[in-house]
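Dear colleague,

Please find the structure below, handed over for your records. My notes on what was found in it follow directly after.

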Number of protein chains: 2
Amino acid sequence: MTSIPNVIQELTELLSALPGIGKKSAQRICFYLMDRPREEIVRYAKGLIDLKDKITHCPICHFITEETPCAICRDPKRDETVLCVVEDSLDVISIEKTAAYHGKYHVLGGLISPLDGIGPEDLSIDQLVKRLDNVKEIILAINPSVEGDTTAHYLHKIISRHQDIRMTSLARGIPVGGDLEFTDEATLTKALEGRSDMNGRHHDQ
Amino acid sequence: MTSIPNVIQELTELLSALPGIGKKSAQRICFYLMDRPREEIVRYAKGLIDLKDKITHCPICHFITEETPCAICRDPKRDETVLCVVEDSLDVISIEKTAAYHGKYHVLGGLISPLDGIGPEDLSIDQLVKRLDNVKEIILAINPSVEGDTTAHYLHKIISRHQDIRMTSLARGIPVGGDLEFTDEATLTKALEGRSDMNGRHHDQ
């Protein structure tokens, strides 16, 4: 359609390439932005460039950061003897939101996936191994999937060489607020297996 | 949360202000963009600035455009005697997509809404009146709502002073592919009222 200005056609196309944004939403966003003050648009543009130029990965844990090492690695109040191993930085953010975890992290930067040509050497596993000296517990917080299980298995093999390190995984069970009636069999099975005494907690932390 | 880099927190906040984007999607977009090549990010940033700096409204029809007058107003093949009056530029784009309309447009830039303090003087109605000299038909393509009906009523009053101008509105009826059984009463009533002879068309164009 030649009647739509090129600038809008191009931006619509760019925006609709973003995850979760279709052609219609992209167009709606274009028209929304057109009516915003120029300084606000400049903030968007600057924010995007900053994202690319200022954000890097922490050399220790590989979490995204503006300063190296990252705020979590620098924090002396966080327990260095517990490492939570996750697939990517978004997982760190999710766990941080709970405010229930006070150890440190290690971001793998992906999962082992032979089909996609991703091997252990493509992830930050070497760096993880180098961090194990003072570690007492490794929490594997990896999503269950073929790739997740492969990665967990691989890590287990490597880390179990360090006999003094306890390896744990996140509890599986019925989500808080979830209904037993609508819980799938696999989850219900895990919930049964992981049942806890009502006068104590299953996992002692 | 201090553990998320400021750059990301700020961009996430900006993005979640966009229509149809929540906090979660905004975060997902941030992480998606972080992994894209720098030149692509620059294209996004440039596209946003261009949107603000290069797009203006056509001085004739008020449709968005890079050049003035806009491509539709400049097109000698389009019928100048028919004007389709719409609320905003997105409506023009929707109608253009049909490729079924060959007249020109007039974009009001909103609807009369006393509650929001928007009167006829805030819309491009003056400019519309100035365009009426050679016009034979005005198609009011305005969504039915309190504001839409108020605006249509107001325009009807003004335009009916020009007795030689035919005023039409878009047909209401069952959408193509729509099911009679699931059509609401108001639409069905309109569909009945606007019924057409099966060997001809109801609206001669």
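Domain bounds, as used here, come from an automatic or database domain assignment. On that basis chain A of this predicted model is divided into domain 1, residues 1–38, and domain 2, residues 79–192. The C-alpha centres of these two domains of chain A lie 39 Å apart.

The interface between chain A and chain B

Chain A and chain B each bring 53 residues to their contact. About 5100 Å² is buried between the two chains, and carbon and sulfur atoms give 76% of that area. On the side of chain A, the residues that lose the most area to chain B are Tyr44(A), Leu51(A) and Lys52(A), which together account for 13% of what that side buries.

With regard to polar interactions, 14 residue pairs are in polar contact between chain A and chain B, counting pairs with both residues at pLDDT 80 or more. Six elements of chain A give two or more residues to the side that touches chain B: the helices α1 (6–16), α2 (23–34), α3 (38–54), α4 (71–74) and α5 (89–98), and the strand β2 (64–65). The largest share, 14 residues, comes from α3(A). By residue type, this side of chain A divides into 33 nonpolar, 8 polar and 12 charged residues.

The rule for salt bridges finds 2 across the interface. In a salt bridge between the chains, the side chain of Arg38(A) meets that of Asp53(B), with an N to O distance of 2.6 Å.

Helix α5 of chain B

Helix α5 of chain B spans residues 89–98, and its buried residues are Ser89(B), Asp91(B), Val92(B), Ile93(B), Ile95(B) and Glu96(B). The cover over these buried residues includes α2 of chain A, as well as β2 (64–65), α4 (71–74), β3 (79–86) and β4 (103–107) of chain B. Just after α5(B), Ala99(B) takes a positive phi of about 55°.

His156 of chain B

His156(B) is found in helix α7 of chain B, which covers residues 146–159.

With kind regards

Definitions and conventions: Residues numbered from 1 in each chain as written. Chains lettered and ligands numbered in written order. Predicted model: local features only at pLDDT ≥ 70, side-chain atom pairs only at ≥ 80, totals over all residues. Heavy atoms only, no water. Contact = heavy atoms within 4.5 Å. Buried area = accessible area lost by both parts, 1.4 Å probe. Salt bridge = Lys/Arg side-chain N within 4 Å of Asp/Glu carboxyl O. Polar contact = N/O pair within 3.5 Å; in protein donor to acceptor, adjacent residues only side chain to side chain. Helix = DSSP H or I, 4+ residues; strand = E, 2+ residues; numbered from the N terminus. Nonpolar A, V, L, I, M, F, W, Y, C, P; charged D, E, K, R; others polar. Buried < 20%, exposed > 50% of the residue type's maximum accessible area, 1.4 Å probe, protein only.
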